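Today I am opening a structure that is new to me. I will jot down what I look up, entry by entry.

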Amino acid sequence: PKYLYIKVAAPSGDDVNVKIPVALVRSGLKLTSLIPPQAMDQINASMSEQGMSIDFTNLKPEDIDELITTLRETEVNIDGKKGEKVRIYCA
């Protein structure tokens, strides 16, 4: 995939469309190697508290490629109670 898309359609017409290059996501994940270990421990603990068990300290380049590949197959669609719609996908 080349882009990660996040689209929000609101009944009021205040729509939001975000298009993020996957290369930027890849670069951001590589930057985690620059975060000090103490800060990384706090990040991992905070992610775990939110129900996301991702350990960025063990992230390797091949893991990033696998994550990007998995994003291609992932799509999130949410229909809100007030008519709002959220769609997150890669293409």
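In what order do the four strands form the sheet? I read the order β2-β1-β4-β3, in an open sheet with antiparallel pairing. I took β2 (16–21) and β3 (75–79) as the edges: each has a single partner strand, so one side of each lacks a neighbour in the sheet. From one strand to the next, the twist averages 5°.

A note on my ground rules: this is a predicted model, where local features need pLDDT of at least 70 and side-chain atom pairs count only at pLDDT 80 or more, while totals for chains, interfaces and linings use all residues. Residues are numbered from 1 along each chain as its sequence is written, and side-chain values use heavy atoms, with hydrogens and water left out.

My terms for strands: they are DSSP runs of E, at least two residues, and helices are runs of H or I, at least four, both numbered from the N terminus. Two strands pair if DSSP finds at least two bridges between them.

Next I looked at β1 (residues 3–9), which is joined to β2 by six bridges. Lysine 7 sits opposite asparagine 17 of β2.

Then I turned to salt bridges (a side-chain nitrogen of Lys or Arg within 4 Å of a carboxyl oxygen of Asp or Glu). I found two by this rule. One joins the side chains of arginine 87 and glutamate 75 at 3.3 Å, N to O. Arginine 87 is in β4 (residues 85–90) and glutamate 75 in β3, so the pair ties together parts 12 residues apart in sequence. Aspartate 79 and lysine 85 also meet in a salt bridge, at 3.3 Å, N to O.

Terms used:
Axes fitted to C-alpha atoms, helices over the stretch in contact; angles between N-to-C directions.
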